Structure formats: C-alpha cells, structure tokens
Amino acid sequence: MKMKSRFLFCLLFSLALGIGSAAGQDNAFKSERVTYLWDVTLSMKGYNGADDIYDRVLNDLVADIMAIEDESTEIVVIPFQVDVCNVFRAYATQEGKNELVNQLRSYNNTDITNTDIAKPLKYVMDHIFTADRIDYLMLLTDGTMQNMKSLYDLL
C-alpha cells in the first residue's frame, strides 16, 4: 500500500472513531457498525494498465466480513465510483453475512468513470454514521483520485 493511501486510511479511520464518540455517550454499551467504502472503478480491474486487484480486494472484503463475530454489528458495504453506486446492509449473523457476501460476489460494475472518494465519504457521514453506534470505516481503493482537494476539504 502506498504511503499516501495509508495516510488517507488512517485519517478516515480516525474520523470514523471520532464521529462514533462525538455524542459524548459511553461507548461501552453501543453496538458497532462497520462500513466499507469499496472502489469499483475499472482501474481496480486493471483498466488502462492499472494493476488488477479487484478479486484480491473482494476476497479480503469477504474475509473481513466473515470474521465479524458480534451478531449485533451492522455491516454496510458501499460500492462507489464518482458517487455511491449502491448500499448493501446486513447484521453480522451467519445468515446476514452469507446474504451480503452473495450480493457482493454477484455485483458487477462496468461503467468507465473516475474515482471520487469525497462524495461517497460525505454520503457515509450524512446517511450512515449515527450517534447510537460506534462507527468504523474501511476504505478499499487503489488510491487514485483525480482531484484530492475535495477530499482534503471534507476531512
């Protein structure tokens, strides 16, 4: 992983933790939510000479979901390109995880677009994160984005 991508991931993860505890409530009794922002641009599939990392990222995403043990944990997966493409939700029951994994494995996006992390992140902040849960954010991307200013401004 490139240094810039690690830095961005750390910032986003810190942001998620900060929002989760921002309400000033005791986090010891809150359920958790894990949100995955999943880059599904074609660069993830090797488009235009990029490294084809799509299957590896999908397999890592599935493994991470299947490793969640607390059944009260909400799992949200948001495929994105320049904007949110879809929102998949399930609780971490075995049935919920299996259904979610089936949806992710059958998901296929073929639109040729750029990557914009800022819009999907803003969507997560406005529509997914809530004060009643501890929110964790995982960003799955190849790290290429045309205009980083919008992301820096959001952060």
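Ile78 is buried, at 0% relative accessibility (buried means under 20% relative accessible area, exposed over 50%, partly exposed in between, with a 1.4 Å probe and protein chains only). Its place is in strand E2 (helices, H or I with at least four residues, and strands, E with at least two, are DSSP runs numbered from the N terminus). This is a predicted model, where local features need pLDDT of at least 70, side-chain atom pairs count only at pLDDT 80 or more, and totals for chains, interfaces and linings use all residues. Residues are numbered from 1 along each chain as its sequence is written, and side-chain values use heavy atoms, leaving out hydrogens and water.

- Ile78 touches, among others, Tyr36, Trp38, Val84, Tyr123 and Ile128, with residues up to four places away in sequence not counted (contact means heavy atoms within 4.5 Å).
- Ile78 and Tyr36 are 42 residues apart in sequence, yet their C-alpha atoms are 6.1 Å apart in space.
- Val76 also has its place in strand E2.
- Val76 is buried, with a relative accessible area of 0%.
- The contacts of Val76 include Arg33, Val34, Phe88, Arg89 and Ile128, again not counting residues up to four places away in sequence.
- From Val76 to Tyr91 the C-alpha distance is 8.7 Å, at a separation of 15 residues in sequence.

**The sheet**

- Four strands form an open sheet in the order E3-E2-E1-E4, with mixed pairing (two strands pair if DSSP finds at least two bridges between them).
- Strand E3 (88-91) and E4 stand at the edges with a single partner strand each, so one side of each is left without a neighbour in the sheet.
- On average, neighbouring strands of this sheet are turned by 15° against each other, direction ignored (axes are lines fitted to C-alpha atoms, for helices over the stretch in contact, and angles run from 0 to 180 degrees between N-to-C directions).
- E2 and E3 pair in the antiparallel sense, over four bridges.
- Val76 has Arg89 as its bridge partner in E3.

**Helices on the sheet**

- H2 packs on the sheet and touches E1, E2 and E4.
- The direction of H2 makes about 175° with that of E1.
- Helix H3 (residues 94-106) lies across E1, E2 and E3.
- H3 runs at about 160° to E3.

**Salt bridges between strands**

- The structure holds five salt bridges (a salt bridge is a side-chain nitrogen of Lys or Arg within 4 Å of a carboxyl oxygen of Asp or Glu).
- One of them joins Arg33 and Asp135, with the closest N and O atoms 2.6 Å apart.
- Arg33 lies in strand E1 (residues 31-39) and Asp135 in strand E4 (residues 133-140), so this pair ties together parts that are 102 residues apart in sequence.
- Arg33 counts as buried at 4% relative accessibility, and Asp135 counts as buried at 0%.
- Arg133 and Glu74 meet in another salt bridge, at 3.8 Å from N to O.
- Arg133 lies in strand E4 and Glu74 in strand E2 (residues 74-80), so the pair ties together parts that are 59 residues apart in sequence.
- Arg133 is buried, with a relative accessible area of 10%; Glu74 is buried as well, at 6%.

**A salt bridge within a helix, and the network**

- Asp126 forms a salt bridge with Lys122, where the closest N and O atoms are 3.1 Å apart.
- Both residues lie in helix H4 (residues 118-127), and being four residues apart, Asp126 and Lys122 are separated by about one helical turn.
- Asp126 counts as partly exposed at 44% relative accessibility, and Lys122 counts as partly exposed at 38%.
- Salt bridges that share partners join Arg33, Glu74, Arg89, Arg133 and Asp135 into one network.

- Ser43 lies in the loop between E1 and helix H2 (54-66).
- At 17% relative accessibility, Ser43 counts as buried.
- The side chains of Ser43 and Asp142 are joined by a polar contact of 2.5 Å (a polar contact is a pair of N or O atoms within 3.5 Å; within protein, one must be able to donate a hydrogen and the other to accept it, and residues adjacent in sequence count only if both atoms are side-chain atoms).
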